[in-house]
Amino acid sequence: MKTIALLTGRLARVALWVAGIGLVLMTVLIAAQVFWRYVLNDSIIWTEPASVMIMGWFIFLGAAVGIREGYHLSFDVLLYVVPQRIKLVLHSISDLAVASFGVGMIWYGWQLAEKTAGNKLPGLGISGAFDFAPIVAGGVLIVLFSTERIARRAAGLPTARFGEEAEID
């Protein structure tokens, strides 16, 4: 289990780096667009659709890493009054619900990608399916990281929760 945690930790780190690079790249593209439009009185037609696509990648990759690290939304009031064993069961139920959401992202994101594959994105000239690739990739990572959290808990290893200091790598 520790080997799997190490591999998923590296995958999460790569996803986070890609998301961070995407955020910087999107910022540069938008700044270039503003400069070209308002200073040079011209326009770069591909920067806006490219920025929106890049934004999809860093949002969904960052969300998946947030799932792995325990930074997703939760409603913890009940957890303050139940025994530790029940807390672990409730955490696993929560992770199952999140994994189910990831499965939905994969399923519906794939359907959207299939339906738009024949369309060309204006300004970029690539398939419309690329707009939905981040949803599918994020869904895959969410399922993987949620499953890892459940497996870690079953193996008696700590899983991080928002506000806790559990080391998961």
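Biologist: Is Asn41 buried or exposed?

Modeller: Asn41 counts as exposed, because its relative accessibility is 70%. Exposed means over 50% relative accessible area, buried under 20%, and partly exposed in between, with a 1.4 Å probe and protein chains only.

Biologist: And where does Asn41 sit?

Modeller: In the loop between H1 and H2. Helices (H or I, at least four residues) and strands (E, at least two) are DSSP runs, numbered from the N terminus.

Biologist: What should I know about the model itself?

Modeller: It is a predicted model, where local features need pLDDT of at least 70, side-chain atom pairs count only at pLDDT 80 or more, and totals for chains, interfaces and linings use all residues. Residues are numbered from 1 along each chain as its sequence is written, and side-chain values use heavy atoms, leaving out hydrogens and water.

Biologist: Back to Asn41. How far is Asn41 from Phe101?

Modeller: They are 45 Å apart in space, C-alpha to C-alpha. In sequence the two are 60 residues apart.

Biologist: What about Trp57 and Ala133?

Modeller: Those two are 76 residues apart in sequence, and their C-alpha atoms are 8.2 Å apart. Trp57 is in helix H2. Leaving aside neighbours within four places in sequence, Trp57 is in contact (heavy atoms within 4.5 Å) with Ala133, Pro134 and Ala137.

Biologist: How exposed is Trp57?

Modeller: Partly exposed, because its relative accessibility is 30%.

Biologist: What follows H2?

Modeller: Gly70, with a positive phi near 80°.

Biologist: Zooming out. How many helices and strands are in the protein chain?

Modeller: Four helices and zero strands. The pattern along the sequence is α-α-α-α. The radius of gyration is 19 Å, well over the 15 Å from the globule rule for 169 residues, so the protein chain is more spread out than a compact globule. That radius is taken over C-alpha atoms, and the rule is 2.2 Å times the number of residues to the power 0.38.

Biologist: What box do the C-alpha atoms fill?

Modeller: Roughly 65 × 35 × 35 Å, along the principal axes. Buried residues make up 34% of the 169 residues.

Biologist: Now the largest nonpolar core. Which residues touch the most other members?

Modeller: Leu141, Ile142 and Phe145, out of 18 residues in that core. The elements giving two or more residues to this core are H1 (2–38), H2 (47–68), H3 (84–116) and H4 (133–154). H2 gives the most, with seven. A nonpolar core is a set of buried Ala, Val, Leu, Ile, Met, Phe, Trp, Tyr and Cys residues joined through side-chain atoms within 4.5 Å.

Biologist: What is Phe145 in contact with?

Modeller: Thr8, Leu11, Ala12, Ala64, Val65, Ile67 and Arg68, leaving aside neighbours within four places in sequence.

Biologist: One more. Why does Ser92 count as buried?

Modeller: Because its relative accessibility is 18%. Ser92 lies in helix H3. Its side chain makes a polar contact with the side chain of Arg153 at 3.1 Å. A polar contact is a pair of N or O atoms within 3.5 Å; within protein, one must be able to donate a hydrogen and the other to accept it, and residues adjacent in sequence count only if both atoms are side-chain atoms. Leaving aside neighbours within four places in sequence, Ser92 is in contact with Ile150 and Arg153.
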